Amino acid sequence: TSVYPARSLRLACPCAGCVDEMTGQVVLVVNSVPQDVHPLKVELVGRYAITIGWSDGHHTGIYAFELLRELCPCCRTSI
């Protein structure tokens, strides 16, 4: 089980509207995402990812399970 802060997960959206496809640079304006953003709907995408419908109206991101593992705050270890 992994637990993610909702806003952090929303800010990590990998879709083309949030990340420039050519450069990989984040283009999402952080201040445009409400502090209280939360998921309204979570759906499986095949056997490799989920998509999330957010309370701010965003719904195009596909979060691969590999990406979710990388983003998981509970899986990070300090050295």
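Guide: A residue is buried when its relative accessible area is under 20%, exposed when that area is over 50%, and partly exposed in between, for a 1.4 Å probe and protein chains only. The model is predicted, so local features need pLDDT of at least 70 and side-chain atom pairs count only at pLDDT 80 or more, whereas totals for chains, interfaces and linings use all residues. Residues are numbered from 1 along each chain as its sequence is written, and side-chain values use heavy atoms, with hydrogens and water left out.

Visitor: Why does Asp56 count as partly exposed?

Guide: Asp56 has a relative accessibility of 28%. Because that value lies between the limits of 20% and 50%, Asp56 is partly exposed.

Visitor: What makes Asp56 and Arg10 a salt bridge?

Guide: A salt bridge requires a side-chain nitrogen of Lys or Arg within 4 Å of a carboxyl oxygen of Asp or Glu. The closest N and O atoms of Asp56 and Arg10 are 3.0 Å apart, so the pair meets the rule. The partners are 46 residues apart, with Asp56 in the loop between strands S2 and S3 (62-64) and Arg10 in helix H1 (residues 6-11); helices (H or I, at least four residues) and strands (E, at least two) are DSSP runs numbered from the N terminus.

Visitor: Why is Arg10 called buried?

Guide: Its relative accessible area is 4%, which is under 20%, and Arg10 is therefore buried.

Visitor: How many salt bridges are there by this rule?

Guide: The count comes to two. Glu43 and Lys41 also form a salt bridge, with N and O 3.6 Å apart. Glu43 is partly exposed at 38%, and Lys41 is partly exposed at 49%.

Visitor: Why do S1 and S3 stand at the edges of the sheet?

Guide: The open sheet has the order S1-S2-S3 with antiparallel pairing. Strand S1 (39-45) and S3 each have a single partner strand, so one side of each lacks a neighbour in the sheet. Strands pair if DSSP finds at least two bridges between them; six bridges join S1 to S2, so this pair qualifies.

Visitor: What makes up the largest nonpolar core?

Guide: Such a core is a set of buried Ala, Val, Leu, Ile, Met, Phe, Trp, Tyr and Cys residues joined through side-chain atoms within 4.5 Å. The largest has 13 residues, and those with the most contacts inside it are Leu9, Cys18, Ile52, Trp54 and Tyr63. Its largest share, three residues, comes from strand S2 (residues 49-54).
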